[in-house]
Amino acid sequence: MQKGMIRDLLFNFLIFFVFIFFILFIEKQYTFAINSVKDNNILSSCSNPNNCVLESWNVSNANESFTELIEIIKNTPRMKIISFQDDYLHALATSRVMKYVDDIEIKKYEKENILNVKSQSRTGF
């Protein structure tokens, strides 16, 4: 084989592995999610206040507010619901330009009419 053919073969091989790397690893960051609800049924606190916000919202009706938030998230571009239970929702929001991924978690406390909402960016500030 000639040097040019070997170089072209190695280049194509490298492109193939870069393509496989992106498919296997980079694309997974948009679907990989960590449920931060602790054993005592509350959202975990923010470990870094530079990229995380955790708020408690007092609402008049927790069920209606939770349902409205679900509809808003479903109809918002670049948001994907990862996990959904009766009183918990975990979604991923991807920024339009830089493609940063944020985890959005909502925990409903029906009896107290409280929604805990947590938003945490994975990269960037």
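Helices, meaning H or I runs of at least four residues, and strands, meaning E runs of at least two, are DSSP runs numbered from the N terminus. By that numbering, arginine 78 falls in the loop between α2 (62-74) and β2 (79-84). The model is predicted.

Most residues other than glycine have a negative phi. Arginine 78 is not a glycine, yet its phi is positive, at about 65°. How exposed is arginine 78? Its relative accessible area is 40%.

With a relative accessible area of 24%, asparagine 113 counts as partly exposed.

Now turn to the cysteines. How many disulfides does a search of the whole structure find? The search finds 1. Cysteine 46 and cysteine 52 form it. Their sulfur atoms lie 2.0 Å apart. The cut-off for a disulfide is 2.5 Å, so a pair of cysteine sulfur atoms within that distance qualifies. The angle about the S-S bond is -55°. That makes the link of cysteine 46 and cysteine 52 left-handed.

Are the two partners buried or exposed? Cysteine 52 has a relative accessible area of 8%, so it is buried. Cysteine 46 has 23% relative accessibility and therefore counts as partly exposed.

Notes: Residues numbered from 1 in each chain as written. Predicted model: local features only at pLDDT ≥ 70, side-chain atom pairs only at ≥ 80, totals over all residues. Heavy atoms only, no water. Buried < 20%, exposed > 50% of the residue type's maximum accessible area, 1.4 Å probe, protein only.
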